[in-house]
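Work through the exercises below with the sequence and the 3D view at hand. Each task is followed by a solution in steps.

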Amino acid sequence: MDHLTKLEELLDQANMDIKNGQYDEATNKLEKIIDMDPNFGKAYNHLGYLYEVKFKEYEKGETLYKLCLEKSPMYPAVYYNYAVLLSTLEKYDELKELLDQAITIPGITKSTIYNEYAIMYEQQGKLTAAIEHYKKAALNTLDKSVLERAKGSIERCKMKQEFL
């Protein structure tokens with residue numbers, strides 16, 4: 001088994017651990033991957049996810065996402081995860097920069113990125129911009145549930161505009 005196959009196999013095992021709620025086991029496997037190959041960016045993303053979502057250590061999660069971006073800038077998953085963290089932390093300038101980069105990545109789900117832009121604008125009270133981006137999210141998907149969510153989000157923003 002070649003080096004990369006071994007790393008991907010360990011990553012798959014760590015993913016299973018995460019799905020099964022075995023976060024310490026997943027963490028150990030991800031750290032082992034990084035020890036074996038410090039340039040294997042995907043491991044930093046998954047570890048960042050654990051620190052952000054499961055351990056609520058946002059700074060550590062952010063550091064790990066940045067490492068993933070540095071090592072594997074073409075890995076789409078890190079853009080989704082890091083965007084959610086920056087949104088949670090209300091780091092909107094950094095979030096906009098990340099989303100501007102993400103939209104250019106081959107294989108990225110554009111509707112998801114447009115939805116993240118929309119959430120960012122909605123959180124900032126920029127409701128017209130939010131509506132525009134929810135529309136872009138809707139127009140860039142074939143998934144009916146994404147369309148329905150975008151429609152509901154647009155309706156929510158329009159209701160908020162009535163209070164302005």
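**Exercise 1. How are H7 and H8 oriented relative to each other?**

Solution. The model used here is predicted.
Step 1: locate the helices, H7 at residues 110-123 and H8 at residues 127-139.
Step 2: take the crossing angle, which is roughly 165 degrees, with the axes coming within 8 Å.
Step 3: apply the cut-off, by which angles over 145 degrees count as roughly antiparallel. H7 and H8 are therefore roughly antiparallel to each other.

**Exercise 2. Describe the packing of H4 and H5.**

Solution. Step 1: H4 covers residues 58-71 and H5 covers residues 76-88.
Step 1: their axes lie 10 Å apart, at an angle of about 150 degrees.
Step 2: the crossing, in which H4 passes H5, is left-handed.
Step 3: among the residues that meet are Tyr-65 and Leu-69 in H4, and Tyr-79 and Leu-85 in H5.
Step 4: the residues of this contact of H4 with H5 divide into nine nonpolar, two polar and two charged.

**Exercise 3. Which residues have the most contacts inside the largest nonpolar core?**

Solution. Step 1: the largest nonpolar core has 48 residues.
Step 1: those with the most contacts inside it are Leu-30, Ile-33, Tyr-79 and Tyr-117.
Step 2: for background, nonpolar side chains in soluble globular proteins tend to be buried together.

**Exercise 4. Is Glu-94 buried, partly exposed or exposed?**

Solution. Step 1: find Glu-94 in helix H6, residues 92-102.
Step 1: its relative accessible area is 36%. Buried means under 20% and exposed over 50%, so Glu-94 is partly exposed.
Step 2: beyond its neighbours within four places in sequence, Glu-94 is in contact with Glu-62, Tyr-82 and Leu-86.

**Exercise 5. How many helices and strands does the protein chain have?**

Solution. Step 1: the protein chain has nine helices and zero strands.
Step 1: of its 164 residues, 43% are buried.

Note on methods: Residues numbered from 1 in each chain as written. Predicted model: local features only at pLDDT ≥ 70, side-chain atom pairs only at ≥ 80, totals over all residues. Heavy atoms only, no water. Axes fitted to C-alpha atoms, helices over the stretch in contact; angles between N-to-C directions. Helix = DSSP H or I, 4+ residues; strand = E, 2+ residues; numbered from the N terminus. Parallel < 35°, antiparallel > 145°, perpendicular 65-115°, else oblique. Core = buried A, V, L, I, M, F, W, Y, C linked by side-chain atoms within 4.5 Å. Buried < 20%, exposed > 50% of the residue type's maximum accessible area, 1.4 Å probe, protein only. Left-handed = near helix turned anticlockwise from the far one by under 90°. Contact = heavy atoms within 4.5 Å. Nonpolar A, V, L, I, M, F, W, Y, C, P; charged D, E, K, R; others polar.
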